[in-house]
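Okay, thanks for coming, everyone. I'd like to walk you through one model today, so please have a look at it before I start talking.

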Amino acid sequence: MAALKRESFGGRVAVILAMAGSAIGLGNIWRFPYMVGEHGGAAFIVVYVLCTLIVSLPVFLSEVVIGRRSRSNASQAFSRLSSGSRFWKAAGVLSIAIPLIIASYYSVIGGWSLDFFFKSCTMTFVKTAPTQVSSIFDSIVSSGFENVSMHLLFLFLCAVIVAGGVRSGIEKFSKVTLPLLFILIVVIAIYSISLPGASKGVSYLFKPDFSQLTPRSFAFALGQSFYSLSLGMGAIITYGSYVKKDENLLAASSGTAISDLLFAILAGFAIMPAVFAAGIEPGAGPGLIFKSVPYIFSTMSSSLPVLSAVISALFFFAIVIAAMTSCISLLEVGAAFLVEKFSLKRPLAVAILYLLCGGAGVLCALKSSVFDGFDYLCSNILLLLLAFLVVIFVGWVMKKEDVEDEVTNSRTIRQADKLFPVIYFLIKWIAPAAVLLIFISNFIL
Ligand code: PHE
């Protein structure tokens, strides 16, 4: 391969912001709060944190190790580190295919968010009666033109950032938008908690109820934490390859996991109190943010129309940003691959990805069975498969000294050095077993 000059992230903060940008997305907003509520509130959060510490964080670290050690795109990373083995080449192909499939349907959801942001700005929810407001989402989904054009617009915005490069596109964008995202979600949470009747939502989320914890809760917690941390999709391998050699990988990984969890909890505070204040049954998935939340804005609009419009615009703007930073990380996997493997110019590589994901996304936008099929295939099967391969690779194929070298920066980071035996044990034994267990439980529970 031609010796290309690789870009890198500026420093620790930039690394965490970019990785957190990938991690924080729709998973935090529409799945986490609902799962917490349904699986015992604070009790589930304890399980979630344990699963993250014991399994997801080691998987995350493994992806960053593969990325930084190989200093190459996700596809070639495996073959470089295994001196060209066929099997690992195939794993590399998987790590390019998965993010592209996800980007196709993720950007359809991004398109809905963008559409709802525009609709908030034109005060559509304020003008629509509460009983009618959920039909707005249905009409977008059933209207081919609106659905497709918003998807293409959303994907275009993400593509422009990726075409800008690692430093001046992705890093710059996440440095501005991630802090803004946290500010927005805090403002919305404060507002939501101040609504009359909001306390029911807070207790739905946080009242610990250990009796609701079942083996399924553990499988859900792990699956959610994988998805939320963008694991098994090549994204963290790719971002890991832009981390400088003197960066502390353990600190960057934990910083990302903490930001992701914090945001998920804040999203819970932003959404659930308002859902309960409006007297709606909580749910998960698109219905939560595209039906329940607009309902809230519509009911409050009779007394405070302008405030309602402003808060709804801020809310959907936050969702657009969260979805964009995630989608950007998905596109970057393919961009890095095309640029390095075929020596393409970045803008050309991104244009190709735009056509591919845009086209597949059009199918998802027009046919819900394709959308659901892609989601099922990626979230329940491919993601786990790749995560499994990642930990097997780091725990069993790479040399232990090389892994140690990466995690401890050649034994120069004291804490990482002390923790390494535990981390390595988790990567080698616990993480593969846990991934296998969730995989099996997806089919039998
Ligand atoms: N982590 C993102 C979320 O929570 C989803 C995602 C997965 C994004 C993989 C990028 C890569 O929504």
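Some housekeeping before that. This is a predicted model, so local features need a pLDDT of at least 70 and side-chain atom pairs count only at pLDDT 80 or more, while totals for chains, interfaces and linings use all residues. Residues are numbered from 1 along each chain as its sequence is written, and side-chain values use heavy atoms, with hydrogens and water left out. Helices are DSSP runs of H or I with at least four residues, numbered from the N terminus.

How many residues surround the ligand? There are 14, and the closest are Ala23, Gly27, Tyr106, Tyr227 and Met233; a residue makes that list if one of its heavy atoms lies within 4 Å of the molecule. Now the polar contacts, meaning pairs of N or O atoms within 3.5 Å; within protein, one must be able to donate a hydrogen and the other to accept it, and residues adjacent in sequence count only if both atoms are side-chain atoms. A polar backbone atom of Gly27 is 2.9 Å from a ligand oxygen, and a polar side-chain atom of Asn28 is 3.2 Å from an oxygen of the ligand. On the nitrogen side, a ligand nitrogen sits 3.1 Å from a polar backbone atom of Ser228. Taken alone the ligand exposes 320 Å², and the protein buries 100% of that. Those areas are Shrake-Rupley, with a 1.4 Å probe, and for residues only the protein chains shown count as cover.

On to helix α8, residues 144-163. Its 20 residues reach 28 Å from first C-alpha to last, close to the 28 Å expected at 1.5 Å a residue; the expected span is 1.5 Å times one less than the number of residues. Buried residues in α8 include Phe154, Leu155 and Cys158. By buried I mean under 20% relative accessible area, with exposed over 50% and partly exposed in between, using a 1.4 Å probe and protein chains only. The buried residues of α8 pack against α5, α7, α9, α15 and α16, where contact means heavy atoms within 4.5 Å. After α8 comes Gly165, with a positive phi near 105°.

Helix α10, residues 199-206, has Gly201, Tyr204 and Leu205 as its buried residues. Down the axis of α10 these fall within an arc of 95°, so they line one face of the helix; the arc is that of the directions from the helix axis to the C-beta atoms. Ser199 and Lys200 are exposed, on the face of α10 turned away from the buried side. The packing partners of α10's buried residues are α2, α3 and α13.

Now, Arg6. Where does Arg6 lie? It's in the segment before α1, and Arg6 is buried, at 16% relative accessible area. A polar side-chain atom of Arg6 is 2.9 Å from the backbone oxygen of Ser241, and a 2.8 Å polar contact joins the side chains of Arg6 and Glu340.

Arg71 is among the residues that Arg6 touches, not counting residues up to four places away in sequence. Arg71 is in the loop between α3 and α4, and has a positive phi of about 45° although it isn't a glycine. Arg411, in the loop between α18 and α19, also isn't a glycine, yet has a positive phi of about 60°. Arg411 is exposed, at 56% relative accessible area, whereas Arg71 counts as partly exposed at 25%.

Methods
Helices (H or I, at least four residues) and strands (E, at least two) are DSSP runs, numbered from the N terminus.
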